[in-house]
Amino acid sequence: MKYGARLFIALGLSLIGFQSFSQQKSRPNIVVILTDDHAVSTIGAYGSKYGATPNLDRLAKEGALFNRAFVVNSICGPSRAVLLTGKYSHINGMRDNRDRFDASQDVFPKHLKQSGFQTAWIGKWHLVDYPQGFDYWNILPGQGLYYNPNMISMGGDTTRHDGYATDIITEQTLSWLDKRDQTKPFMVVVGEKAPHRTWMPDTTDLGKFDHINFPLPKNFYDNYENRIAAQMQDMSIEKTMKLGYDLKMTSDPDASASSFVKRMSPEQRKKWNSYYNKIEKDFLEKKPTGKALIEWKFQRYMRDYYSTTLSLDRNIGKILDYLDKNNLSENTIVVYTSDQGFYMGEHGWFDKRFMYEESMRTPLIIRYPKLIKPGTVSNQMISNVDFAPTFLEAAGVAIPKEIQGKSMMPLLKDSKASIRNSAYYHFFEYPGEHSVLKHFGIRTNRYKLIRFYDHKNFWELYDLEKDPNEMKNIYGQKKYESITADLKKQLEQLCIENKDTEAIKALSQKL
Ligand code: SGN
Ligand code: CA
């Protein structure tokens, strides 16, 4: 080959190389911080007054806070499956926590990986099947443990990691980021265990909220009038929350929390016991009963839960600092969300599962300086089925037509844009823990229509403008007849569009 031709080819190749390198550089990195059961009401940016989340509040100031982000099925495994696939539970097969996710199906990280991203999932996974579509993963088995957790690494080996789960998950995330190939963009999901039941704070955070007397939610002593499913649930602070298991009182006959304490190192256990022993001593002296006992449980629950979120927020701070120090903040989309919301005493409850606001609604903060104006607050509706197409569009990858969610990118570019005017919901786990009946429904900006089906068949309707706490089921009231008919039509349309055959069948049954 002539010298000129060789030079021409060499120049051409280096130009192609430069082009793909610069293309890779311009594609954003994606960091998804996915917490477990983090209630909107406990986050400063959403109005909590107790200062538990300075780093999340900073993220919201630098990015966008979404007030109307919802999950399609308020439970852990299913929520993760929806995030991965961009498809509803009845399509991705993960209807409830007892299912096994088929990880070989089409998930967004596979597309990112194919298009040159480095992909990782670190922390809580809870989908039984091992992850696919990731260059790296290291996961907690099942729910995982707060103290000295085991983790399953690629290849299937289980290793005990000494320390506190939230710290360990961050350390592993940062070490993966350090080792990554810097010529490629990356996507990492940080799967937090916290602040899931049994709300075990890090020893450094024990007692940090003991000076606060948390006000009871207005509907703490709800009598569930006119709401059959609410009457049937088993998730109340009064009856379901256990003194021994949840609130760490060792004198309780069911002191099963002690199995978690046995796993602690002597040093961890010493700090733990010295804190809880004092609480227990006081409890045994006071011996509260009746309402005083319920309210004592509520305070303990709030204090432990809030303390658990301190480590969560501190660790989110470490991730944000890492991005800053490595000049990655500008070109990285940071998404903070939870797998669902949580009851902090509203209706007298803890847990989630219901389509009522506190559990269907999930926190969502997105920072992406290239597109999002700092301090944006959005009331536009978003569903967690929308994450996968958003990440694909952000990465410049085609969205497969089977994906059911809608990309949020228009919303990130223009906070007034809208991608949906309703959110669909379907919960499948009955009979199951906490006894929440199967139900599906539609939430619009103003109304929520819920159909409970299978074991018991009935409707509920709420006017969220007049009744934001969902205390008055107005289904069947004369003046809401035409609104109900319209909502039913919209719901039926969604069931058909989303190919939800179980819901379609339920709708065809006359009540
Ligand atoms: C555990 C909890 C439940 C919780 C589910 C699902 N019980 O079973 O209270 O609803 O997880 O949570 S516990 O006795 O094990 O704490 S999820 O977030 O994983 O869906
Ligand atoms: Ca969860």
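How much space lies in the largest pocket?

## Largest pocket

In this predicted model, the largest pocket holds about 940 Å³ of space. Its lining consists of 34 residues, and Ser41, Glu346, Glu358, Arg361 and Asn469 are those nearest its centre. At least two lining residues come from each of β2 (64-70), α10 (290-325) and α11 (357-360).

## Salt bridges

The structure holds 38 salt bridges. One of them joins the side chains of Glu357 and Lys448, with an N to O distance of 2.7 Å. Glu357 lies in helix α11 and Lys448 in strand β13 (residues 447-452), so this pair ties together parts 91 residues apart in sequence. Glu357 counts as buried because its relative accessibility is 13%; for Lys448 the value is 0%, so Lys448 counts as buried.

Lys448 also meets Glu470 in a salt bridge of 2.6 Å, N to O. That pair links strand β13 to the loop between β14 and α14, 22 residues apart. Glu470 is buried.

Arg446 forms a salt bridge with Glu465, their closest N and O atoms being 3.6 Å apart. Here the loop between β12 (439-444) and β13 is linked to the loop between β14 and α14 (481-497). Arg446 is partly exposed at 26% relative accessibility, and Glu465 is exposed at 59%.

A network of salt bridges links Asp37, Asp351, Lys352, Arg353 and Glu429.

## Glu460

Glu460 sits in strand β14 (residues 458-463). Glu460 is buried but has no salt bridge. Which side chain of opposite charge is nearest to Glu460? That side chain is Arg227, 6.2 Å away.

The side chain of Glu460 makes a polar contact of 2.6 Å with that of Tyr462. Residues touched by Glu460 include Arg227, Tyr356, Lys448 and Tyr475.

Note on methods: Residues numbered from 1 in each chain as written. Chains lettered and ligands numbered in written order. Predicted model: local features only at pLDDT ≥ 70, side-chain atom pairs only at ≥ 80, totals over all residues. Heavy atoms only, no water. Helix = DSSP H or I, 4+ residues; strand = E, 2+ residues; numbered from the N terminus. Buried < 20%, exposed > 50% of the residue type's maximum accessible area, 1.4 Å probe, protein only. Lys, Arg positive; Asp, Glu negative; His and termini not counted. Salt bridge = Lys/Arg side-chain N within 4 Å of Asp/Glu carboxyl O. Polar contact = N/O pair within 3.5 Å; in protein donor to acceptor, adjacent residues only side chain to side chain. Contact = heavy atoms within 4.5 Å. 1 Å grid on protein atoms, 1.4 Å probe; cavity = no way out; pocket = protein on both sides within 12 Å on 5 of 7 lines; lining within 4 Å. Points joined across faces, edges and corners; volume = space filled by probe spheres on them. Lists of a residue's contacts leave out its neighbours within four places in sequence.
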